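Student: I have a new structure open and would like to learn how to read it. Could you walk me through a few features?

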Amino acid sequence: MLKLGLTVLCVLCAAATTWSARTVDSHLGPKDLTRLQKVFVDGLSSNDLQAIFFSSQNIETTDATTKEAICKKIVTLHGESKLNNFEKDYYLVGANRNLRCSSKLPEALLSKIYSSLESQLATTQEIYYRIATHKILGVQVSEATQTKVAKRLQELLKIDDSLSGLGYGFNVAIELGTSGSFVANRIEDAIVQADEVDGKLLQFEGGLSITALILNGVFGVAKAYNKPAPVTAEQAVKFSNYLLSRRSVQTAKGAHVLIEALKTISGSAKVAPICVQLIGNGQLEAQSPTLNVAIVDLLGKPLSPAVQSVSAKILVKKDNSVLAEKVQLVSKSSDKTTYVADLSSLKPVRGIYQAELNADGVYTQKLQLKVLGRVKVQTLELGIAESDASAATRKQTVSFPSKLKDTLSADSTQKLLLKAVLIDESSSKPITVHQAFVRLYNKEADKEIIFVAEQDSSKAYKFDMDVGNQGKNFNYQSGVYNIYLTVGDASLSNSFEWLLADVQLKFNQPDRDSKPSTVRGPLPEIVHQFRVPDKRPPRIVSDIFTGLCITPLVLLFVFWGKLGINVSNLSLSPSTIGFHVGFGGILALFFVFWLQLNMFQTLRLLIPIAVFTFLCGNRVLRKLYAQRNAKNAS
């Protein structure tokens, strides 16, 4: 029993944590609404019937001439449209009503629409558009027809339970009275099909249109049949995050369904998230740190009812220590969208803080803010010293923001020194900044060079430049240079660039006889060279080798002469002559190959000769075989 109680307690705590979040980081702001308004304006002037319909639902045309032109255009577009009849009928009737067109719709079209519910409707989409068209025309659908349509809808959902089918089914059921209550049992089937992205967004496959269609449908069904909210508070936050991520939609339909879906979620008080965000960039001045927070709904409108109590817990982000608890924020606007807290009594120092806001114990949000400090130059010393430290350093103190009256002078045997101590104006303690630069600028040449000032162990910024060693960076250009100190940091409200003094730098010119290290100009042309052929052997070696190769052939003829050649079986038939001619041709071809042909040329000539020789030789062998068999038989 104790385990069961602990389990229930943990579940309730988890639910409370999820419930208390119920906030998003942004909302549909004035800039977004202005851009969407332009989308509707462009849609109204387009040649797309669908775009004109959705645009006419969101903006009103006051010019009578323009309105009449659009009214004529939608009739033409209806006839040319390739959309399904039920869909383009809906857009035509809807646009005609939204524009308050003086011309009446064709009676044949209206008759077809009135009788459409009597026929067998093929899809949930067709049912939705036909019911919606009747609603626009103000035609009351009888209970008998509602029952018939509900029965047909139930049959179709058994066949097609896709997301679009369920989405249209939900929106149809809202208009069918008690006959459509069965659809409420399918809400969970649809919601579980939502895809989660990065643990922050929830959407349905099919994008914005399907997501908005299902959300409008399930919330409408829950309200029509007095059912609990179709989604949890956490799911409502994730769906809202997805919808807000699509605020850059470029089509009239997309803009319309986006606004409608955000209105639908905002209208469900039990799960609707709100937007809690900082006003401005979240940077507070240390002298007057005032936390300004906006609390609005998803469309940027005041909450109804407004939150009654807003408090914040302020933590130092660096070490997560608590600066203050339960800091009350007070409403500063009549519509209760702006809440303010003065943090001066907390005396926050320069740094990054996190404010954990709690509104009415229901909504929580974490906001990051930055308290800006002010930097002050406590001391700054400029000096010229000998590079070999053979003489004492001549130092001069400069007060911010003054400039040293005298012009300093340094040659190649000396170095320029700078030491600056930067402190926090409020605490008078040395501080570290992101950027501390020393810039030397030659006005005559309009050239500059920048060095980084490094912080030492005493937290003083130092700059040490050996004039002789740095001559190359200055292109050995002597002259008067302005010395600037640049101090910047993201957490400072008074970053500055300070002209400290002028310095006359004298560089030794480099040896002009020496070759420059970098040669500019075209490089020598690279010419590809093939490998040099190997040296051929002497002519006598080649002749001896040739003789050795011919020796077997010479010996063959010699032995034939001594032994005698048996040519009794040699006939003078064409095949015999052809075989010997082909064989001799092959030997001759090899000889020519050895003299001048390459392999590919030889192969092209060899193939036909070899085929001819093969055929003739085959015929000769068959003839000899036949003669031998004849002798054996006799």
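Student: Let's begin with one residue. Where is Arg 22 found?

Tutor: First, keep in mind that this is a predicted model. To place a residue, look for the helices and strands on either side of it. Arg 22 sits in the loop between α1 (2-21) and β1 (23-24).

Student: Is Arg 22 buried or exposed?

Tutor: Arg 22 is buried. Arg 22 has no salt bridge, and Asp 360, the nearest side chain of opposite charge, is 9.7 Å away.

Student: Then what does the side chain of Arg 22 reach?

Tutor: Backbone atoms deserve a look as well as side chains. The side chain of Arg 22 reaches the backbone oxygen of Ala 269 at 2.9 Å. With the side chain of Tyr 363, that of Arg 22 makes a polar contact of 3.4 Å.

Student: Which residues is Arg 22 in contact with, leaving aside its neighbours within four places in sequence?

Tutor: The list includes Ala 233, Val 237, Val 362 and Tyr 363. Also among these contacts is the run Ala 269, Lys 270, Val 271, Ala 272, Pro 273 and Ile 274.

Student: How many cavities of 30 Å³ or more does a search of the whole structure find?

Tutor: The search finds one. The volume of the largest cavity is about 30 Å³. Tyr 363, the polar partner of Arg 22, is one of the residues lining this cavity, along with others including Val 276, Ile 295 and Leu 357. Two or more lining residues come from each of β10 (351-359) and β11 (363-372).

Student: And what is the volume of the largest pocket?

Tutor: About 1400 Å³. To describe a pocket, ask who lines it and who lies nearest the centre. Here 44 residues form the lining, and Tyr 128, Asn 171, Ile 174, Asn 216 and Glu 260 lie nearest the centre. Elements giving two or more residues include α3 (49-56), α7 (124-137) and α13 (252-266). The largest share, nine residues, comes from α11.

Terms used: Residues numbered from 1 in each chain as written. Predicted model: local features only at pLDDT ≥ 70, side-chain atom pairs only at ≥ 80, totals over all residues. Heavy atoms only, no water. Helix = DSSP H or I, 4+ residues; strand = E, 2+ residues; numbered from the N terminus. Buried < 20%, exposed > 50% of the residue type's maximum accessible area, 1.4 Å probe, protein only. Lys, Arg positive; Asp, Glu negative; His and termini not counted. Salt bridge = Lys/Arg side-chain N within 4 Å of Asp/Glu carboxyl O. Polar contact = N/O pair within 3.5 Å; in protein donor to acceptor, adjacent residues only side chain to side chain. Contact = heavy atoms within 4.5 Å. 1 Å grid on protein atoms, 1.4 Å probe; cavity = no way out; pocket = protein on both sides within 12 Å on 5 of 7 lines; lining within 4 Å. Points joined across faces, edges and corners; volume = space filled by probe spheres on them.
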